[in-house]
Amino acid sequence: MQKIIDAWEDSSNGYGIVLDDTAIYDHSTKKFIEDIRNSFSGDCIPWDPTLDKPYIFKPQLFLNIDIRARNSRNALGVFVLHNLHEVTLYLPSGCKSGCKDCTEFYKQFNHCTQVNEGYLQLEYYQNLLSLFQKNGIQKVNFIGGDLRGNRYLQTLLNENVSSSFKKTVYLNYKHINGFEWEMITKSQSETVVLIDSDDLKRIEILPDIDNVQWNFIVASDSDLGKINVLPQIENRRTKILPFYNGENLDFFAENVFMELDDIIEKPIDRKNIFRHQTLNDNFFGKLFIMPSGDVYSNLLMPPIGNLSTCTIKELVYKELDEGNVWLKTRNTVTPCKNCLNKDLCPSISNYEFVIFVM
């Protein structure tokens, strides 16, 4: 069987190999052929030696251009922003809520955190949104500390009501009262309300607000139990966000980690397998921009550059050409690279970065 698999990996064989009588009648080979047929992955057919062997072109994942070709800098420059799909803008804003994990939440999932004034002024944010509109960016997230009355947010939402990209505003539950919900509704933005485990103890009822997603942050089975008894939760759009606090590995092992049976429970199509071999679909195409001008492809990694010295296009190219986040696959890390199922697994996530320090 290994001979067959090796032959398939050689593109000159056209996804096919000629089997002699010895191989055809070998028990393990017959079983392998049966599995291939049953999974509709291929077939074994009679071959006439006087005719050319059927040739099947091996499918390959297509990106806008071969991002691994170092000599294609000029060509890539034309298309590079086509690879950017989602941008998270952190707006300068303070906060006095004092959430105990404020400095850790935002490294694992989209979450507010206190950020101070920096290099980026309001005009720079306006120019960025104009650039995103022109280049077909699909989604822009607005996050900060306490965004109530934040002039950056008010101006940027008001000026981009008819923008083609999806706008999402992230707010802490503590900052709901008095917030300008009408402004967000008129701007055709989605609102995500963040509720951590400490707030779960105090919530008695969720406000009746349209166009809102409620993100519940949990770190234990006890937190999950609190959510299950919340009133009105059945009629809300909700999402559960596990948070790794350094002491709850058992909670993750029970509720987050996946076994092989979990992975193959639903069919995995060929496109997903090829995508997992080439790029990280949790990280690819996403940038995070801080008020300091620092730009990150992942907030658990050092910045890839600063907007005071680089353009967005240059930074996207740098991540594609030199970075280790957008293209970080299981083929590149231990122990995943030695696992036969590495291309079936979901791409590496932030949880694996913080738990296993990849």
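## A loop residue to start with

Gln188 sits in the loop between helix H8 (181-186) and strand E4. Helices (H or I, at least four residues) and strands (E, at least two) are DSSP runs, numbered from the N terminus. Is Gln188 buried or exposed? With 59% relative accessibility, Gln188 counts as exposed. Here buried means under 20% relative accessible area, exposed means over 50%, and partly exposed is in between (1.4 Å probe, protein chains only).

The backbone of Gln188 is worth a look too. Its phi is near 60 degrees, a positive value in a residue other than glycine. Most residues other than glycine have a negative phi, and most peptide bonds are trans. The peptide bond from Thr334 to Pro335 is cis, with omega near 5 degrees. You can find Pro335 in the loop between helix H14 (312-322) and helix H15 (350-356).

## What you are looking at

This is a predicted model, in which local features need pLDDT of at least 70 and side-chain atom pairs count only at pLDDT 80 or more, while totals for chains, interfaces and linings use all residues. Residues are numbered from 1 along each chain as its sequence is written, and side-chain values use heavy atoms, with hydrogens and water left out.

## The chain as a whole

The chain has 15 helices and nine strands. Its C-alpha trace spans about 80 × 50 × 35 Å along the principal axes. Of its 358 residues, 44% count as buried. Contact means heavy atoms within 4.5 Å. Among the contacts in the chain with a separation of 6 or more, 66% come from residues 24 or more positions apart.

## Salt bridges

How many salt bridges does a search of the whole structure find? The search finds eleven. A salt bridge is a side-chain nitrogen of Lys or Arg within 4 Å of a carboxyl oxygen of Asp or Glu. One of them joins the side chains of Arg237 and Glu190, at 3.0 Å from N to O. This pair links distant parts of the chain: Arg237 is in strand E6 (residues 237-242) and Glu190 in strand E4 (residues 190-195), 47 residues apart. Arg237 is partly exposed at 38% relative accessibility, whereas Glu190 is buried at 12%. Together with Lys166, Glu190 and Arg237 are linked in a network of salt bridges.

Asp146 and Arg148 also meet through their side chains in a salt bridge, at 2.7 Å from N to O. Arg148 counts as partly exposed, with 37% relative accessibility. In another salt bridge, between Arg275 and Asp281, the closest N and O atoms are 3.2 Å apart. Both partners count as partly exposed: Arg275 has a relative accessible area of 26%, and Asp281 has 32% relative accessibility.

## Aromatic rings

A pair of aromatic rings is described by the distance of the centres and the angle of the planes. Rings of Phe, Tyr and Trp (its six-membered ring) pair if their centres lie within 6.5 Å; planes under 30 degrees apart count as stacked, over 60 as edge-to-face and the rest as tilted. By this rule there are twelve aromatic pairs. Tyr90 and Tyr106 form an edge-to-face pair, 6.1 Å centre to centre with 70 degrees between the planes. Because Tyr90 lies in strand E1 (residues 86-90) and Tyr106 in helix H5 (residues 102-108), the pair ties together parts that are 16 residues apart in sequence. Tyr90 is buried at 0% relative accessibility, and Tyr106 is buried at 18%.

Phe105 and Phe109 form a stacked pair, with 6.1 Å centre to centre and 25 degrees between the planes. Phe105 is buried, with a relative accessible area of 3%, and Phe109 is buried with 10%. Elsewhere, Tyr244, Phe251, Phe252, Phe257, Tyr351 and Phe356 form one aromatic cluster.
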